[in-house]
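Grab your viewer and follow along topic by topic.

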Amino acid sequence: MAVLPPDMNAATFSQMLEELRGAVGADWLWSSDEDLGPYRDSFSPVWDTAEERHASAAIAPADVPQVQAIVRIAGKYKVPLFPISTGKNYGYGGPSPNVNGSVVLDLKRLNQVLEVDDKRHFALVEPGVSYFDLYRHIQERGLKVMVDCPDPGWGSPIGNSLERGIGYTMPQFRDHFGASCGMEVVLPNGELMRTGMGALPGSRTWQEYRYGFGPDPAGLFAQGNFGIVTKMGFRLMPLPEYYRTGLITVPRRRDFVKLVEHVNYLSDSSMCGEAVYGSPLQRLMGDPQFLALATKLGGPSDADMDAAAERAGLPSWQVDLQFFGPEATTSANWDYAKARILSDIPGAKAIDGDHFPLPATEEQLLNKTQPYQTGIRRYGALGVPSLGIWRIVGDNGHVGFFPILPRSGEAVFEMQRVLGDALKEFPLRPFFNATTAPLYWHTYAFQMVFAPSVKHDDPAHNAIVHQAMKKVVAVAAEHGWGDYRAAPIYQDHVADTYSFNHHALRRFHEQLKDAVDPDGIIAPGRGGVWPKRFRK
Amino acid sequence: MTPRMGDSGGGPMVDRREMLTWGIVAPVLASGPYGALAAVPEGLDALVVDSRLADAGLSALAARRTYTIDGDVTALWYNTLDTLWRKPGFVLGGITGTDALFVLERLAFDCGRRAVSRTELRPADRFGVAAASWVIAPVHPSVVKA
C-alpha cells in the first residue's frame with residue numbers, strides 16, 4: 001500500500017476497507033500495489049514522479065445499492081471516491097484520481113444495457129457498458145439504430161459523455177453529452193436521484209424529454225463531482241439507409257475561409273455528417289524547406305504558401321464530406337454541396353467518394369474502394385466500435401490538449417500561428433503549423449490537437465511535455481481559446497483560465513460543492529471544483 | 001448475428017489437454033525467445049501472433065489455435081475474447097507488439113485477468129513499439145477455474 005487517503009492513518013484505513021469489503025465482498029476490493037497498477041494513468045507525463053496521483057484502493061460494486069453503501073461508508077470516513085465507468089479515459093488521466101489516496105469506484109460491473117428502442121431511437125445503459133457492448137446488443141437483436149462511437153470504442157457511453165467526448169456521425173449525435181437524455185445519480189449523501197422526466201414516477205419519456213420541470217442539474221455531472229451516474233439515456237440515430245462521401249479541394253490558402261463558411265452551412269442545416277478537414281500540403285512536411293516555411297515564426301505569408309502549393313501541384317486544403325440518409329437524399333445533398341462550393345471558390349474541385357447502402361460490408365468498412373485518400377475514420381463514421389487507433393499511438397501514449405476555437409478560417413490561421421510560435425521552444429513535433437487543420441468533432445465548434453507522446457523511460461522528455469502542456473493552456477487562454485477536457489494534473493490549470501468576473505463560475509461551483517458535498521466524498525478537484533475542505 | 005468485423009483468423013477452441021500436445025507449435029515455443037510461453041504449467045489455450053513481427057519461426061504458428069492480428073485487436077476482441085473472457089479459465093499466450101499487448105492487458109484487466117509473464121523480444125522501434133511474448137491468465141476468483 002503506497003498511499004493513504006487524506007487525513008487518515010493506516011489503522012483507520014484498514015477499518016474502512018473492512019467495512020467496504022462487507023459492502024461488496026472481499027473479491028471486489030483491492031489495495032495492493034499490484035492490484036492498483038491498472039488504476040494508474042499509464043499515459044501520464046508525470047509517471048513515476050512525485051506529481052503522479054495514486055489511488056489507495058479500488059472497489060467494484062455489483063449494483064446501485066452497493067454504490068450507495070460505498071458512498072455512505074466513504075462519507076463516514078470522509079474518504080474521496082473517484083468514480084470511473086470503464087476507466088479508459090486515456091490521454092485525459094485514465095482511471096487515476098485527482099486526489100492522492102482516493103478510492104477508485106470502478107463501475108465496470110454495472111454493465112447492463114437496460115433498453116434500446118429502435119422506434120423512438122434511444123438507449124438506456126449502465127456505466128460499465130462499453131460501446132462494444134451496446135453495439136453487440138444492437139446487432140444481435142437486429143435493431144435499426146446506429147451508435148455514435150468515439151475512437152477507440154472500448155470506453156463507455158456514460159463515461160465518454162460525462163467527459164464530453166465525441167464521435168463521428170451526424171452533428172446532433174457527435175456531441176455525446178448533448179445527445180444524452182436523462183440520468184440516475186447517487187448523490188454524495190448516498191441518496192438516489194433521477195433527472196428530467198425520470199423524476200416523475202410512472203413517466204415513460206425519461207429518454208425523450210431531458211428537462212422535466214424546473215432547473216435541470218444534468219450538466220453538473222459532466223466533468224463534475226456532484227454525484228455518481230448509475231444510469232444514463234442516449235439518443236441514437238436511426239440506421240440510415242445509405243452512406244455517401246465526397247471530397248472537395250480548394251487551391252489557395254485563403255480559400256479556406258470560404259470553404260469553412262460553406263461547410264458550416266451544410267452542417268448546421270443537418271445536410272452532412274462530420275466534415276474532415278485536411279491540408280494536402282502536409283505531405284510536404286518532410287521537406288526541410290517547406291517545414292521551415294510552414295513553421296515560420298509569425299506564420300508564413302499566403303503568397304509563399306500558395307507558391308509552395310503550386311510548385312508541388314497540390315491544393316491547399318480539402319474537406320471530406322459524409323452524407324447519411326436515403327440514397328436520393330445523400331445524392332442530392334452532395335450535388336448541392338458541390339454546386340454551392342464550386343460556384344463560389346475559383347479552382348475548387350470535387351471528387352465523388354464511396355457510396356453504399358447501410359449496414360456496410362466489411363470491405364466497405366475497411367475502405368478499400370475509396371477513390372481518393374481519405375481522412376475519414378470509416379469505423380467511427382459508421383458507428384462501428386474499433387480498437388484500431390491504437391496502432392497509431394506511439395511510445396507509451398500521450399496527453400491531450402484540444403482547444404476550442406471558432407468555426408472560421410481566420411480563427412484557424414490565428415491558432416496555427418499563435419500556438420505554433422508559443423511551442424517553438426519545446427523540441428516536440430510541430431502540432432500547430434500552417435497546414436494544421438481543425439477538427440470538426442463537436443457540433444458547433446472547431447478544435448485543434450496538441451497530443452505529445454510520453455515515454456516511461458525518458459523522464460526528461462516527459463518533463464518537456466509537462467511544461468509544454470502548461471504553457472499551451474496559458475497561451476491559448478490569452479487568446480480566448482480554452483481546453484475542453486483535461487487530465488486531473490491539468491484540470492486546475494484549465495479551470496483557472498475560465499475566469500470571467502473574478503472566477504464567478506468557479507465560485508458558484510464551489511458554493512454548490514460545499515452545499516452538497518462539503519467533505520469532498522465525490523472526486524474532489526474534478527473539473528477544478530474543490531470543496532472547502534480541500535481548498536488552499 | 002454475424003459480426004461485421006474482420007475474422008481474427010483463429011480456429012476452433014481446443015481443450016487444455018490438447019493444447020499440451022500442440023504438435024506444430026510446441027517445439028517452436030520451447031525454443032529460443034519463446035520459452036516462457038512453453039513454460040506455462042497448464043499450457044496455453046490459444047496463441048496470438050502479430051503478423052507485423054516478421055519472424056520466420058512464427059510462420060509455423062499460423063495454424064489453428066492461433067489468432068493472427070496485424071496490430072489491431074478489434075476483431076480478436078469482438079469475435080473471440082469478449083465472449084471467452086467472460087467465462088472462467090482460458091490462458092492466452094501472445095507474440096505481439098507492445099501496443100497490441102497494452103490494449104489486450106487493459107481489456108483483460110476488466111475481465112479479471114492479468115499478464116502473468118512477459119518477455120521483451122525486440123526493443124522499441126522509432127514509434128516506441130517493442131515486440132514481446134506474454135501470457136495473460138485469469139487471476140480474479142470470479143474467473144479462475146476451480
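Where the two chains of this predicted model meet, 20 residues of chain B are in contact with 23 residues of chain A. On the chain B side of that meeting, the elements giving two or more residues are helix H5 (74–84) and helix H6 (98–110) of chain B. H6(B) gives the most, with five residues.

**More on chain B**

- Sorted by class, the side of chain B that touches chain A has nine nonpolar, six polar and five charged residues.
- Chain B has six helices and five strands, and from the N terminus on they run α-α-α-β-α-β-α-β-α-β-β.
- Of the 146 residues in chain B, 42% are buried.
- If you look at contacts in chain B between residues at least 6 apart in sequence, 69% of them join residues at least 24 apart.

**A helix pair in chain A**

- Two packed helices are described by the angle between their axes and the distance between the axes.
- For helix H14 (residues 459–478) and helix H15 (residues 488–497) of chain A, the axes come within 9 Å and cross at roughly 10°.
- An angle under 35 degrees counts as roughly parallel, so H14(A) and H15(A) are roughly parallel to each other.
- H14(A) brings A:Met469, A:Lys470, A:Val473 and A:Ala477 to the contact, where they meet A:Tyr490, A:His493, A:Val494 and A:Thr497 of H15(A).
- By class, that contact has five nonpolar, two polar and one charged residues.

**Helix H10 of chain A**

- Does the length of H10 (residues 327–342) of chain A agree with what its 16 residues should span, or disagree? It agrees: at 1.5 Å a residue, the helix should span 22 Å, and its end C-alpha atoms are 22 Å apart.
- Which residues of H10(A) are buried? They are A:Thr330, A:Asn333, A:Trp334, A:Ala337 and A:Ile341.
- Looking down the axis of H10(A), you'd see those buried residues fall within an arc of 100°, so they line one face of the helix.
- As a reminder, an α-helix has 3.6 residues a turn, so residues three or four places apart point the same way.
- Over on the other side of H10(A), A:Ala328, A:Asp335 and A:Ala339 are exposed.
- The cover over the buried residues of H10(A) includes strand E12 (242–250), helix H7 (255–268), strand E14 (317–325) and strand E15 (349–357) of chain A.

**Cis peptide bonds in chain A**

- The bond from A:Asp151 to A:Pro152 is cis, with omega near 10°. You'll find A:Pro152 in the loop between strand E7 (145–146) and helix H5 (157–162) of chain A.
- The bond from A:Leu358 to A:Pro359 is also cis, with omega near 5°. A:Pro359 sits in the loop between E15 and helix H11 (362–366) of chain A.

- A:Lys78 isn't a glycine, yet its phi is positive, at about 55°. Its place is the loop between helix H3 (64–77) and strand E3 (81–84) of chain A.
- Because it has 16 C-beta neighbours inside 10 Å, A:Lys78 counts as partly exposed.
- A:Ala523 has a positive phi too, near 40°, and lies in the segment after helix H16 (500–516) of chain A.
- Is A:Ala523 buried or exposed? With 26 other C-beta atoms within 10 Å, A:Ala523 is buried, since the cut-off is 20 or more.

Methods
Residues numbered from 1 in each chain as written. Chains lettered and ligands numbered in written order. Predicted model: local features only at pLDDT ≥ 70, side-chain atom pairs only at ≥ 80, totals over all residues. Axes fitted to C-alpha atoms, helices over the stretch in contact; angles between N-to-C directions. Helix = DSSP H or I, 4+ residues; strand = E, 2+ residues; numbered from the N terminus. Parallel < 35°, antiparallel > 145°, perpendicular 65-115°, else oblique. Contact = placed C-beta atoms within 7 Å. Nonpolar A, V, L, I, M, F, W, Y, C, P; charged D, E, K, R; others polar. Expected span 1.5 Å × (residues − 1). Buried ≥ 20, exposed ≤ 12 C-beta atoms within 10 Å, placed from the backbone. Arc of directions from axis to C-beta.
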